[in-house]
Structures are given as C-alpha cells and as structure tokens.
Amino acid sequence: MKVLQINSNNSGGTAKATARLHAALNLIGVDSNILSKDDFPLAHEKTFQLIKNKITSKMAAKIKSFAARIWLKFYNKKNGEPFSVLPCFNDNINAAAEKILPDIIHLQWIGDGFMAPETIKNFKKPVLMTLHDSGIFTGGCHFPLQCTRYQDSCGSCPALNSNNANDLSYQILKRKKNALLNSKLTLVSPSRWMAECAKKSSLFCNADIEIIPNGIDLKIFKPLDKSYAKRVLSLPENKKILLFGALRYNDFPIKGYPFLISALQKLSCHKNEYEIATFGSAAKNDEIENLGFKTHSFGRLNDEISLALLYAAADIFITPSMTESFGLTALEAIACGTPVAAFAVGGIPDIIEDKFNGILAHPFDESELAAGIEWIIGYNDRYLKLSSNARAKAEKEFDIIDVARKYQLLYNKLLCN
C-alpha cells in the first residue's frame, strides 16, 4: 500500500505530526510518501517530493501564495492569527500526486492558498484529511474562538474586521461548499473537541469523523534524570524550572503569552525558587525578567533530541493557549514525564487530566493557572506521582506506532469500500 501525505508547510506542529506519522508508517510496512511545497527535513529523500512546476517549485509556491493574499489587502485584519485564502490559479497538486501513483491520498495541512477545494474533489483515489485546525470548514480562519459563523455561512468576519455579510470569508466558504459538500472526503480529528467543531460546521455537519490522536516517538521523548538533564543544559539543579514555548508564540496571540506573564506576576514571590526556560521564536524575555525571574532562552530547537532533553530538564511545562486543536507540546512534555499546567481548552483535555498528570485551569483564569503551578511542584511525593502518571498516559494513548496502525486500518477500510 502506497500512501501520499500532502502537507504545505515544513515547520510547526502539523509538520512534526506529519513527519512522525510518515516515519512510523514506513516502520510498520506502509509505503508513506510526502508531497510539499518546501523541503521536509524529517522525511527521507526517496519518500519526499517537492511539487514540480515550470518555475522552480518554491518560487511558484511563493507567487501563488502572494496572488491569493492580495484579497486580504482589502481588509484590516484586527488580530495576528493566520487567515488562509484559496488559490487563484491551478495548484498543480493533482498532477504531481498522480506521478507518485498512491493508493491513498492523506491530506494534512493545506492552508495558505496551497490547495484548491476543487483539487480535493478531483482526486481519483480515496482521500482522507486530518483536521489539524478549523481551516477546511471555515471561511479562512484556523481557530474561530468565540465566533460561530462557520456553522452557517461565515461573512461579517471578526478575523477580517468586516461587517459585510458577503465578505471574503463568505465567498471562501461558499466555494468550499460547492466543491466539498456531500463529497467522499474522509475526516480524521486528533481530538474530541476538533471533531465536535467540525460536526457543528455547515460543511461537515453530516460527516462521520474518526478520532485518531497525534502520536509521539516514546524512545526519543522519555524521562531522564532531571539533575543530569539540567547539568547538560546549564540549568541550575537547585531551582524549579518552568518551561514555556511554541513556534512563533510572540506572533500568534492564540498561544497565550500574555496569560503566562500574568500568571508569573502572581508567582513573583517565588522568583528566588523558580527560573524560566523558553523555546521557540525570539522571546520577549525582558517581560519575564522584569518580573524578577532569571530566564533561559533556548530559541528554536530544530532537533527532537535537544527538545526532549529540555522537556526532561523542566519541572513543569506551561501551555496557556487560548485553544489548541490537539496540543502537541503538552504531549511532548508528558512523554518526558513533565507535568503540564494549561487551560481546559480545545484538545488539551484529551492529553492532560486535571490533577492526574497536570492541572487544567478554567479559561482564562491566570490566578488559577498560577495556583496550579504551585500545586504541581509544591510537594515532592505528589510531583513524582504526577510525573509517573504523565509518562503512563503517553505510553497508553499516544505511542506513534499504535497511531500509525490505527491509520493503517483506516487506509485498508477505504481501499475496501
């Protein structure tokens, strides 16, 4: 069986999930391949292909993305969250896919003007899509938050700061409906919450949705002796290390950086006991240091071994996101035996059980989040139990090989229909 995974970007949580599933599928005997507009660093060169075009593939992708984004110039977006428009030109993906001769097409993340909905309809092989965010069933936003207009027709879009009922979001969702309504597209959600959102949408309200979580390599992400891990990373062994990080978290308000600052303000009495470690894009660590906390910035970690070492060194991982379709960083943390403090939003409750392997604060109560952090690391015996439970949860539900086998069963089911 040959599976073609299509993913438009090569960084962030979706790229990680795609690469991990790709590797695991090949390990269990499924011939997995990746098609993308960018180099995919975790995929073997024989199983990865760039989309070819008359112009160099990267240049073509940039031109098409720019042409699609022209429409956004007419709107004064009021937040920094991603908003994906649809391609204005032929995306050439169907032709590229046919050359690989797959039995199954598996769509991962296809936003930012990468793939037209008409392309999905025209694939000649069974197609499934993993819902890494809400982008496929909205008029362009990837996380609607409090907006429910995608449950009808979009329009008057808050993300576009628009009061026009027939705005760009309305036109995009209308085009998606024309192409995909009553299609044979099979949907997979990594979390219960994302599945519920899709079921409430006007596009997929009648669809059957499988729930298969994202997985992780438990041989890489694993507990290590904390003192050892801290020494390797030059972190103090006699301090509690509070870890926070996400790709480009300063650019995306949805990652909740201001909530972290507010929670740390309430923990300032512990500034001589706690130190802060961050990873991801260039952090505004001066905001944290102004609160009196010593801060260690690790920047963007491009290899999983270094990232796993940092999780293992941390005493707690904090993810104050406003929502998450799944919560991959929370999974990485618990696999390393590090309890997590988070808000009870999105897919996070599928990973974190309150007072079992971390704490779930009510959204968006910074005082409760701060109290939860103190509760987790307040007593050693309780902490050790939380840490043990965290690893056990990862082993039971999120082993990437088990996840790959679930997808393999679904692929076989689609081929038999």
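**Close-up views of a predicted model**

**View 1. The largest cavity and its lining.** The largest cavity is lined by 24 residues, and those that lie nearest its centre include Ile110, Gly111, Met129, Gly135 and Ile136. In this predicted model, the volume of the largest cavity is about 210 Å³, and the structure holds two cavities of 30 Å³ or more. Helix 4 (117-122) and strand 5 (127-130) each contribute at least two residues to the lining of the largest cavity, which by class is made up of twelve nonpolar, nine polar and three charged residues.

**View 2. The second largest cavity, with residues from helix 1 and helix 15.** About 80 Å³ is the volume of the second largest cavity, and among the 13 residues that line this cavity, Ala17, Leu21, Asn214, Val403 and Tyr407 are the closest to its centre. Helix 1 and helix 15 each supply at least two residues of this lining. Sorted by class, the lining of the second largest cavity comprises seven nonpolar and six polar residues, with no charged residues.

**View 3. The crossing of helix 1 and helix 15.** Two packed helices are described by the angle between their axes and the distance between the axes. For helix 1 (residues 12-27) and helix 15, the axes come within 9 Å and cross at roughly 75 degrees, and the two helices are therefore roughly perpendicular to each other. On the side of helix 1, Arg20, Leu21, Ala24, Leu25 and Leu27 take part in the contact, where they meet Ile400, Ile401, Ala404, Tyr407 and Tyr411 of helix 15. Divided by class, this contact has nine nonpolar residues, no polar residues and one charged residue. Two of the residues in this contact, Leu21 and Tyr407, are also among those closest to the centre of the second largest cavity.

**View 4. The second largest pocket.** The second largest pocket holds about 420 Å³ of space. It is lined by 21 residues, of which Ser183, Leu185, Thr186, Ala207 and Asp208 are the closest to its centre. The elements that give two or more residues to this lining are strand 6 (186-189), strand 7 (209-211) and helix 15 (400-416), and helix 15 gives the most, with three residues. By class, the lining of the second largest pocket has eleven nonpolar, six polar and four charged residues.

**View 5. Cysteines without a disulfide.** The count of disulfides in the model comes to zero. The sulfur of Cys147 is too far for a bond, because the closest cysteine sulfur, in Cys141, is 6.4 Å away. Cys157 is likewise in no disulfide, and the nearest cysteine sulfur, which again belongs to Cys141, is 5.8 Å away.

**View 6. Backbone geometry in two loops.** Most residues other than glycine have a negative phi, and most peptide bonds are trans. In this model, however, a cis peptide bond joins Pro363 and Phe364, with omega at about -15 degrees, and Phe364 is found in the loop between strand 13 (358-361) and helix 13 (366-376). Leu101, although it is not a glycine, has a positive phi of about 60 degrees, and the place of Leu101 is in the loop that runs between helix 3 (93-100) and strand 4 (104-107).

Definitions and conventions: Residues are numbered from 1 along each chain as its sequence is written. This is a predicted model: local features need pLDDT of at least 70, side-chain atom pairs count only at pLDDT 80 or more; totals for chains, interfaces and linings use all residues. Side-chain values use heavy atoms; hydrogens and water are left out. On a 1 Å grid over the protein atoms alone, a cavity is a set of points where a 1.4 Å probe fits but cannot get out, and a pocket is an open set with protein on both sides within 12 Å along at least five of seven lines; lining residues have an atom within 4 Å of a point. Grid points are joined across faces, edges and corners, and a volume is the space filled by probe spheres set on the points. Helices (H or I, at least four residues) and strands (E, at least two) are DSSP runs, numbered from the N terminus. Ala, Val, Leu, Ile, Met, Phe, Trp, Tyr, Cys and Pro count as nonpolar, Asp, Glu, Lys and Arg as charged, and the others, Gly among them, as polar. Axes are lines fitted to C-alpha atoms, for helices over the stretch in contact, and angles run from 0 to 180 degrees between N-to-C directions. Angles under 35 degrees count as roughly parallel, over 145 as roughly antiparallel, 65 to 115 as roughly perpendicular and the rest as oblique. Contact means heavy atoms within 4.5 Å. A disulfide is a pair of cysteine sulfur atoms within 2.5 Å.
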